[in-house]
Amino acid sequence: MGESATLTLRGESYELPLVVGTKDEVGIDISRLRAASGAITLDSGYGNTGACTSSITYIDGEKGVLEYRGYPIEVLATHSNFIETSYLLIFGELPTTSQLTEFRQLLTKHQFIHEDMRHHLEGFPPNAPPMAILSAMINVLGCFETDLSAADDDAHFMKQAARLMSKIRTIAAASYRKSAGRAMNYPRADLRYTANFLHMMFSNPFEPFDSDPVIIDALDRLFILHADHEQNCSTSTVRMVGSAQASLHASVAAGVCALWGPLHGGANVAVIEMLRQLIDSGQSLEDFVASVKNKDSKTKLMGFGHRVYKNFDPRARIIKEACDRLLDKLGISDPMLDMAMRLEEVALNDSYFIERNLYPNVDYYSGIIMRAIGIPTNMFTVMFAIGRLPGWIAQWREVRTNPTSRIDRPRQIYTGAVDRSYTPIAKRDSA
Ligand code: ACO
């Protein structure tokens, strides 16, 4: 028998097998604990709960390590591009030239959305939140796709993944154009993924448009950094919905809704709002940090802290460098960047943040890059979703191709009222 842990509960001992990952991470398998003992484990927020084994992404939060399929994020951010990295995440290996070409051709072939989908877009009110539009339109897209099932058929799945990745970009750009009161731009077959997205976002029929290669490069890198992050809130949502055998589109649409929240992907918007308010109000950074430390104020330093990273977020380091480089190359001086750097310095020297291991996360500087590129604030989280899509696709596929996969269904400990007797409504009214 392999290694095990022993649990003593009300005088009885239970042997619990260990599951050890390829990086020597140890999990205690409690899947049979309830059947054997009647007890469950409780872990609000899932800080100690592994919901699955996975071979896609590895994080060591103490050492600040992030790897996709065994490749460090620093290496991919330097040498790869978003489409190659997406292929790696979804199919497990870096593509050969012909595999990458095939994937790119599929992305180009499927870049258009059905004309009828434009009517759905027209139906949203002008101020509809782009994340609501994105989630709804991904479900609409699913209605236009007829062959959605074969997760274990490589060739078929490549088509399915490419279609969704390509069309999400067209939908995202179209929803921005609608909110800006401008006509939707059709995608172009001669442009690669990120350049094509920028064209759909910003070009106008009455003037030539060429994205600056520096901007294309910065955005492509931003997408790579967001491409997967193991069992975060939105990815767990995608996996959970997928575990009920819901389609890829339905599962990803649910993931978009989870990502929308300000404690998750919505933090990149909240950071910019926080910096703007600090600049506009002239509040001193010391006062602001004091208010963040006061629990009654319910204020958080947005873009700081992470459930897993307790030393530094490697993505934040790469983004900070990319941000400096981009602003320098574009000759932009952004007061928000200055404010972000000053605030970071105050926080990193404050015992509250030191004791709690709170560091800038990926969202702290990503908004400043997006501002420099010209992406409006209300599209920031949509950009995150475009970047995260290959990760969601890979994780959904992992669930759906695992022959031992079961529907996700956590337990609870009930703490409500007990043994009540029913009082007829007339008696309740007269009581
Ligand atoms: N500002 C002030 N205090 C904070 C912050 C913050 N940003 N983050 C954590 N803390 C405090 C908590 O209040 C808590 O203090 P306590 O021990 O005195 O009660 C302590 O640090 C531990 O924090 P938790 O809330 O237990 O951390 P958790 O892992 O639950 O939350 C989270 C992580 C949601 C990211 C949190 O740090 C946060 O709200 N940060 C701001 C929002 C943000 O930037 N989200 C983006 C995360 S990255 C991503 O999703 C892509």
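How far is an oxygen atom of the ligand from an N or O atom in the side chain of K300? The separation is 2.8 Å, a polar contact by the cut-off used here (a pair of N or O atoms within 3.5 Å). Before going on, please note that this is a predicted model, in which local features need pLDDT of at least 70 and side-chain atom pairs count only at pLDDT 80 or more, while totals for chains, interfaces and linings use all residues. Residues are numbered from 1 along each chain as its sequence is written, and side-chain values use heavy atoms, leaving out hydrogens and water.

Let's stay with the ligand. Around it stand 20 residues, the closest being K295, L301, G303, R307 and Y352; a residue counts if one of its heavy atoms lies within 4 Å. The side chain of K295 places an N or O atom 2.8 Å from a ligand oxygen atom. L301 takes part through its backbone, where an N or O atom lies 2.7 Å from a nitrogen atom of the ligand.

Now for the helices (DSSP runs of H or I, at least four residues). Helix 9 (residues 213–226) and helix 14 (residues 314–330) have axes, lines fitted to C-alpha atoms over the stretch in contact, that come within 11 Å and cross at roughly 170°. That makes helix 9 roughly antiparallel to helix 14, a label for angles over 145 degrees. Heavy atoms within 4.5 Å define their contact, with V214 and L222 of helix 9 and I318 and L326 of helix 14 among the residues making it.

Definitions and conventions
Axes fitted to C-alpha atoms, helices over the stretch in contact; angles between N-to-C directions. Helix = DSSP H or I, 4+ residues; strand = E, 2+ residues; numbered from the N terminus. Parallel < 35°, antiparallel > 145°, perpendicular 65-115°, else oblique. Polar contact = N/O pair within 3.5 Å; in protein donor to acceptor, adjacent residues only side chain to side chain.
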